Amino acid sequence: MMFGNFVGTLTLVLALQVTAVNAQKKKEQLPQPVVVQPVIKGKVPSDAIMLFDKGSLDNFVNVKDGTAAAWKVQGKKFTVVPGTDNIQTKEKFGDCQLHVEWKTPKKDVKEGKQGQQNGNSGIYLMGKYEVQVLNSYINQTNPMGQAGALYSQYPPLVNASIQPGKWQTYDIIFTAPRFNADGRVKTPGYLTVIHNGVLVQNHVEIQGPTTAYNKNTPDDANELPLMLQHHKNEVSYRNIWIRKL
Ligand code: MG
């Protein structure tokens, strides 16, 4: 009887060990994550698409007529030219991780521009969902229109802005909405934004296109160009890269 119990227990222990070994083997057989160059010492991830590095705006066009982007390039930065147009990427993007560096002009402050007239531009995921660019350093405005806001939908969790004339960063993680065949939203889009290293949007559910979006694109597309806003203020951009997810 005792021997029987002993054998039973031993069998159970062995069976459990085999199961554990098999489970471990299965885990080890999972595909290895792809190795990428991480963001250290100013490097860009090795699997990122560089949208602007220096020299030319070849990856962008004017939104209205598709001609060469009319903003001004100076070496490693480019700047909105008042009186031109929004610009957008030639390539289309859906789910992505996006890095953008931007600065608002000191000039707007010197000229006494306030609120939405002070360093306004914007980053429109798929040309439809604007992460606001604005001087929000000592410049009060509607919170849903300040830097880091998903325009008119969510104010930033905190104000992480620094002075105009200084470079700021956005790291954006975007999940595009999915649509049914009849064009209705199947699953909503989501947005996470890190401003100057600080979380300002935490996986918020996108409520639909934001003000002044590009209306000349299908409402139910999976991928669309990334758009930068011309709002007459001389906002500059540099080091823009994107990873398709
Ligand atoms: Mg804007």
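**Exercise 1. Determine which way the residues of strand S7 point and whether they are buried or exposed.**

Solution. Ser121, Ile123 and Leu125 point one way from S7, Gly122 and Tyr124 point the other way, and all are buried. Here buried means under 20% relative accessible area, exposed over 50%, and partly exposed in between, with a 1.4 Å probe and protein chains only. S7 spans residues 121-125 and is mostly covered, 5 of its 5 residues being buried. Strands (E, at least two residues) and helices (H or I, at least four) are DSSP runs numbered from the N terminus.

The structure is a predicted model, in which local features need pLDDT of at least 70 and side-chain atom pairs count only at pLDDT 80 or more, while totals for chains, interfaces and linings use all residues. Residues are numbered from 1 along each chain as its sequence is written, and side-chain values use heavy atoms, with hydrogens and water left out.

**Exercise 2. Identify the strands that pair with S7, and in which sense.**

Solution. Two strands pair if DSSP finds at least two bridges between them.
- Step 1: S7 pairs with S8 (residues 129-133) in the antiparallel sense over 5 bridges. Within S8, Gln132 is the bridge partner of Gly122.
- Step 2: S7 and S8 form a hairpin with 3 residues between them, and Met126 in the turn has a positive phi of about 55°.
- Step 3: S7 is also joined to S14 (residues 224-228) by 2 bridges, and these strands run antiparallel. Tyr124 stands opposite Met227 in S14.

**Exercise 3. List the protein donors of the magnesium ion and state which parts of the chain Glu130 and Gln229 tie together.**

Solution. Donors are N, O and S atoms within 2.8 Å of the metal (3.2 Å for Na, K and Ca); water is not among the atoms, so sites may look incomplete.
- Step 1: The protein donors are Asn120 (OD1), Ser121 (O), Glu130 (OE), Gln132 (OE1) and Gln229 (OE1), at 2.1 to 2.3 Å from the ion.
- Step 2: Along the chain, the donors follow the spacing N-S-x8-E-x1-Q-x96-Q. Glu130 lies in S8 and Gln229 in the loop between S14 and strand S15 (236-244), so this pair ties together parts that are 99 residues apart in sequence.
- Step 3: Glu130 counts as buried because its relative accessibility is 2%; Gln229, at 8%, also counts as buried.

**Exercise 4. Locate the parts of the chain linked by the salt bridge of Arg178 and Asp95.**

Solution. The side chains of Arg178 and Asp95 meet at 2.8 Å, N to O. This pair links distant parts of the chain, 83 residues apart: Arg178 is in strand S10 (residues 178-179), and Asp95 is in the loop between strand S5 (87-93) and strand S6 (96-103). Arg178 is partly exposed, with a relative accessible area of 34%.

How values were computed
A salt bridge is a side-chain nitrogen of Lys or Arg within 4 Å of a carboxyl oxygen of Asp or Glu.
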